[in-house]
Amino acid sequence: MELKLIIDGKEKLFKTGFIPGMIFRRALELNKRIDFSNMQAEDLDEIVQLTVELYGNEFSFDEFYKGIPLNELLPTLTNVMTFISNGGVELEKEELGKSE
């Protein structure tokens, strides 16, 4: 999964590599505990921290928040959680937009 952030005024591209099973376990816990329709700041922070770890700490917590455009924040974190929940398989954009 690719992620673009603006860091030090430059667009940087990050790709996931090895994904440890602990990332999947933590995503399951977050999905169970967080009410995504009424997300709190602490919930958002936990998902951002998980995202940082998913990308092997190639960027920091603050770099993520400062480097992602506002309109991409929630869709990106939703895609990250879906990616992890699907065992590291990225869904096509058409599939992400479908409701079940």
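Contact here means heavy atoms within 4.5 Å. By that cut-off, residues 24 or more positions apart account for 55% of the contacts in the protein chain with a separation of 6 or more.

This is a predicted model: local features need pLDDT of at least 70, side-chain atom pairs count only at pLDDT 80 or more, and totals for chains, interfaces and linings use all residues. Residues are numbered from 1 along each chain as its sequence is written, and side-chain values use heavy atoms, with hydrogens and water left out.

**Stop 1: the whole chain**

Select the protein chain and colour by secondary structure. There are 5 helices and 2 strands. Helices (H or I, at least four residues) and strands (E, at least two) are DSSP runs, numbered from the N terminus. Read from that end, the order is β-β-α-α-α-α-α. The radius of gyration (taken over C-alpha atoms) is 13 Å, close to the 13 Å from the globule rule for 100 residues, so the chain is as compact as a globular protein of that length. The rule is 2.2 Å times the number of residues to the power 0.38. Along the principal axes, the C-alpha atoms fill a box of roughly 40 × 30 × 25 Å.

**Stop 2: the surface**

Of the 100 residues, 30% count as buried. Buried means under 20% relative accessible area, exposed over 50%, partly exposed in between (1.4 Å probe, protein chains only).

**Stop 3: the nonpolar core**

Select Leu5, Phe59, Phe64 and Ile84. In the largest nonpolar core, of 25 residues, these touch the most other members. β1 (2–7), α1 (21–33), α2 (41–54) and α4 (70–85) each supply at least two residues of this core. Such a core is a set of buried Ala, Val, Leu, Ile, Met, Phe, Trp, Tyr and Cys residues joined through side-chain atoms within 4.5 Å.

Now centre on Leu5. Beyond four places in sequence, Leu5 touches residues including Phe14, Phe59, Phe64 and Ile68.

**Stop 4: Asp43**

Move to helix α2, where Asp43 sits. Asp43 is buried, at 12% relative accessible area. Show Arg33 and Ile34: Asp43 touches both, not counting residues up to four places away in sequence.

**Stop 5: Asn31**

Finish in helix α1 at Asn31. Asn31 is partly exposed, with 32% relative accessibility. Beyond its neighbours within four places, Asn31 contacts Phe36, Met81 and Ser85. Draw a distance to Ser85, 54 residues along the chain: the C-alpha atoms are separated by 9.0 Å.
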